[in-house]
Amino acid sequence: MHIWPSLLTAFVVTTSYVDAFGKKCGGDVKMNLNPPDFHINRWKKKTEVPENLKVAFLGDQGLGRKATHVLKMIKKWGAKGAVHLGDFDYKDKPLKWTQQLDDVLGPDFPYFAVVGNHDILRWSDQWGYGHYLMDRLHRTKAMKHCRGELGVNMECYWNGLHIILSGVGTMGTGHVDYTEDAFLSSPAVWRLCAWHKNQRLLQTGAKQDETGYAIYEMCRKYGAMVLTGHVHSYSRTHLMSDFSKQTISDKNNTLHLRPGHSFVTVSGMGGKSIDSWINSAEKNEWWAAAASKSNGANYGALLCTFHINGMPNHAHCEFRDIDDKVWDSFDIISDVQSKESPDSLLLSQEQNKDELNFDTLSCQKEEFLEFALENAEDIISEHLTSGDQVCGSRHLNLAVNHNQINNQILQGLRFDQVGLSKEDKIVKAYLQVLASDKNADSERVITIDIRGEKTPNSSSFACGSSDKTASSRTLTQSTVQWVNEDEDTFENGEVWISPDIKDVIEEIVSQPDWMPNNALTLFLNGTILNAVEDSLYGFGWAKSGCFSPTLVVERELNC
């Protein structure tokens, strides 16, 4: 592979990204796939792409008839493998989900997957999703082609396709660096990046920024296709020369992949449900195609055939639904191993300023910082009537029924080592809370007040006392209300993302005595209307902090 210093320097991307939710998740030894000779032999010789290799890409599946119909469509089409883009069955039933795959595709069908937010609770336990996915990799002999942490920081060089399977935005850390390390010496004709979550502008539904752009840009740097799910719809961008600025490189329906040029697909109609477009997002000019409930699409998958017409670097893809209707059809030419010199690349860039925008890639303009709770004593629950206080509860009682006003609970979350300075320009801040498995589905109106402790360095909680040491603390003037504006706000099994709490954080860190790496505390207290249940629960201190709330701050960088 030719690595041109001038080209790679132009693509310096800082490792500024969101690794949430799950800064303390990942790293599980049981989930590592590292054959002893992998590093020695993985790139010793280039693996050719079999002619007419058919691979399906789908996400957000569920259990039952609709999901089964999608799998039957994939089998009838003649797929030789599939990549699942997260969110398996939504029921935390790994065995039942695996049986659904076996019943339709067969137990020896190669099936690669990334972790989705609805898969976190049963990802790495003894009989969790990871167990069955690892077992399948062994049976299909795909294990010898893969390395890394299953579905989190994983690469597979399978049938000539170099696939990154990332948990970015969902679980683990270091995804951007891992991706670059994997692609840096790759001889593959085809490079693919797969993960579950999205950035707000690179989906057509109601999802917010949950991954950061750096992972998108790293994949674009190496000319890799970007395949995502999470939103229960389908969409595909034109060929792009900058994802963070949504800069279109070419609107041709034959997409020419090469270093600095890539595209994004969202394929999340695997069987669970189908979303509508939100805020006319599908009309943004960078979208080449889109399908959803709004235009009558049914459940389906993205189907790609690689090595067509005798040309290993040519492919044809289409999004097809179970009614056999094709909603998108396009061709791809992959020149990621182009022998073109850096001089000619730079010359072509001068001829067309939109072709490769090097300046915008010199660094990312924003940096995402995620702060995790360090131990159980960083979570306190105070009963506002009795004053009883308990630390380290597994479940956070975030809101109680308004008819149970005497049972109001104040939740405190203390984040230590918060690396913010008074000079930082905060763009956005929010809390992430994983929905507890104690909740019941119902119609409800929820309001949660979020405030901070007005002190430059928050002290530890007095766990086990009954002197109301949590509620007696001085609070910020700034307060933010977290309300369920739609059915997805407090969806079961989801990672809940609060509204922007930038004003609360700024009020704390702007105090004269605030210093970087001091501690700050956030308090939550809420009520529920129009519901039969008494409480809304999120996970507190659970699985050694893996399931615990995190604070995410986006700050502006000086480039």
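Begin by selecting V400, which stands opposite S535 in strand β29. This is a predicted model, in which local features need pLDDT of at least 70 and side-chain atom pairs count only at pLDDT 80 or more, while totals for chains, interfaces and linings use all residues. Residues are numbered from 1 along each chain as its sequence is written, and side-chain values use heavy atoms, with hydrogens and water left out.

Next, select strand β22, residues 395-401, a strand being a DSSP run of E with at least two residues, numbered from the N terminus. Six of the seven residues of β22 are buried, that is, under 20% relative accessible area with a 1.4 Å probe and protein chains only.

Now move to Q100, in helix α4, residues 94-105, a helix being a DSSP run of H or I with at least four residues. Is Q100 buried or exposed? Q100 is buried, with a relative accessible area of 9%. A polar atom of its side chain lies 3.0 Å from the backbone nitrogen of G64. Leaving out residues up to four places away in sequence, Q100 touches Q61, G62, L63, G64, A67, T68 and L71, where contact means heavy atoms within 4.5 Å.

Conventions: Buried means under 20% relative accessible area, exposed over 50%, partly exposed in between (1.4 Å probe, protein chains only). A polar contact is a pair of N or O atoms within 3.5 Å; within protein, one must be able to donate a hydrogen and the other to accept it, and residues adjacent in sequence count only if both atoms are side-chain atoms. Two strands pair if DSSP finds at least two bridges between them.
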